[in-house]
Amino acid sequence: LYKSMDVATTGAATFMADHAVLEWVTHEFVDSGLISGAKREVPKVRNIDRLRRFAAPLLKRRTQEEPEVAQYVKIPKPNTFVTTLEWDDAHLAHYLTLADHFAAWYRDQRKQATGKGTGLNLISLLARIGVVQRATTCPQFEAPGFGVYAPLTSKQRYLIDRMETLTAEGRKTLCFVEQPMMVDLLVRHLGQRGIEAVPFHGGIPIMARVKDMNRRFRQGSAPV
C-alpha cells in the first residue's frame, strides 16, 4: 500500500482532465483585447454529455409551486412591466458606427477564413460582439479606436429617475445591470441626487461587498 498521498491527484486536477480543455490565449489574439498583462487560459467543455452526467446528481430542480416546497417558500408573484424608450440621436449614431465597423470586420474575416479553409477566431469574434453590445447599454465603456460616449443614455436617465421615485415612496430598490462600470455610474449619479446606493459587483472583493450590502442596505438606511 502507498504510505503517501504524493501520487494522488487533486479533485480539481481530475475534474479538469475529465471535463475541460484549456486553450492558451497569446498575442495571436491581440485584437481581442484578452491578453492584457499576460497570456491566459481559456477553458472549454471537453465532453458536454459526460459533464451533464457528472452534474445531474448534484442538482435539484424544484419549483415553488410544488407542495413540498410551497409550505416553506413563499415568494410573491412579481409584477412585470415593459418600458419602451427612444434612443438619443447621438447615442444611436455611436452605436451604429460600431455596429457597421463590426459588420465590415466580420465580412472581411469570414472571407479570409474561407480562403484559408479555417474557422473564425471565436475569442476575437465574441470580444468584438461584446463591444457592440456594450455600446447599447453602457457606451461609457471605451471602444478601442472609437472612444466613449460620455452622456447618460435615455435608459440610464430613466433608471436614475425611477430609483429616485421609488426612494421618495419609501421603498428599497434592487437594480440589476450587466457591467460593473454601469453599477458605479448609477451609484455616482444617484449620490449626486442625495440618494445613497450600495454597489455590488465582481470588481469589489466578495467579503467586502457582502458586508457592505448587509450593513448599509439590508440593516441600514441605504435605499438602493
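User: Is Tyr-158 buried, partly exposed or exposed?

Analyst: Tyr-158 counts as partly exposed, at 32% relative accessibility. Buried means under 20% relative accessible area, exposed means over 50%, and partly exposed is in between, with a 1.4 Å probe and protein chains only. Keep in mind that this is a predicted model: local features need pLDDT of at least 70, side-chain atom pairs count only at pLDDT 80 or more, and totals for chains, interfaces and linings use all residues. Residues are numbered from 1 along each chain as its sequence is written, and side-chain values use heavy atoms, with hydrogens and water left out.

User: Thanks. Where does Tyr-158 lie, and what does it touch?

Analyst: Tyr-158 lies in helix H6. Helices (H or I, at least four residues) and strands (E, at least two) are DSSP runs, numbered from the N terminus. Setting aside residues up to four places away in sequence, Tyr-158 touches Thr-83 and Leu-85. Contact here means heavy atoms within 4.5 Å. Tyr-158 and Thr-83 are 75 residues apart in sequence, and their C-alpha atoms are 9.5 Å apart in space.

User: And Arg-157, what is that one in contact with?

Analyst: Arg-157 is in contact with Asp-88 and Leu-152, leaving aside neighbours within four places in sequence. Arg-157 is also in helix H6, and with a relative accessible area of 34% it is partly exposed. Its C-alpha atom is separated by 9.4 Å from that of His-189, 32 residues apart along the chain.

User: Let's zoom out. How many helices and strands does the chain have?

Analyst: There are eight helices and two strands. From the N terminus on, the order is α-β-β-α-α-α-α-α-α-α. Of the 224 residues in the chain, buried ones make up 26%. Among contacts between residues at least 6 apart in sequence, 54% join residues at least 24 apart.

User: Which residues form the largest nonpolar core?

Analyst: It has twelve residues, including Cys-138, Leu-152, Leu-159, Ile-160, Met-163, Met-182 and Val-224. A nonpolar core is a set of buried Ala, Val, Leu, Ile, Met, Phe, Trp, Tyr and Cys residues joined through side-chain atoms within 4.5 Å. Helix H6 (154–168) and helix H7 (180–192) each supply at least two residues of this core, and the largest share, four residues, comes from H7. In soluble globular proteins, nonpolar side chains tend to be buried together.

User: What does Met-163 touch?

Analyst: Not counting residues up to four places away in sequence, Met-163 touches Thr-173, Cys-175, Leu-186, Leu-190 and Val-224. There is a second, separate core of five residues too, which includes Phe-102, Trp-105, Leu-125 and Val-132.

User: You mentioned Thr-173. Where does it lie?

Analyst: Thr-173 lies in the loop between H6 and H7. Thr-173 counts as buried because its relative accessibility is 9%. With residues up to four places away in sequence left out, Thr-173 touches Met-163, Leu-166, Phe-217, Pro-223 and Val-224.

User: What about the cysteines: how many disulfides are there?

Analyst: The count comes to zero disulfides, where a disulfide is a pair of cysteine sulfur atoms within 2.5 Å. Cys-138 is buried, at 0% relative accessible area, and Cys-175 is partly exposed, at 28%.

User: New topic: is His-91 buried or exposed?

Analyst: His-91 is buried, with a relative accessible area of 3%. His-91 is found in helix H4 (residues 89–116). Not counting residues up to four places away in sequence, it touches Ala-135, Thr-136, Pro-139, Tyr-149 and Thr-153.

User: Last one. At roughly what angle do the axes of H1 and H2 cross?

Analyst: The axes of H1 (residues 11–19) and H2 (residues 48–55) cross at roughly 140° and come within 9 Å. That makes H1 oblique to H2. Axes are lines fitted to C-alpha atoms, for helices over the stretch in contact, and angles run from 0 to 180 degrees between N-to-C directions. Angles under 35 degrees count as roughly parallel, over 145 as roughly antiparallel, 65 to 115 as roughly perpendicular and the rest as oblique.

User: Which residues meet there?

Analyst: Phe-15, Asp-18 and His-19 in H1 meet Arg-50, Leu-51 and Phe-54 in H2.
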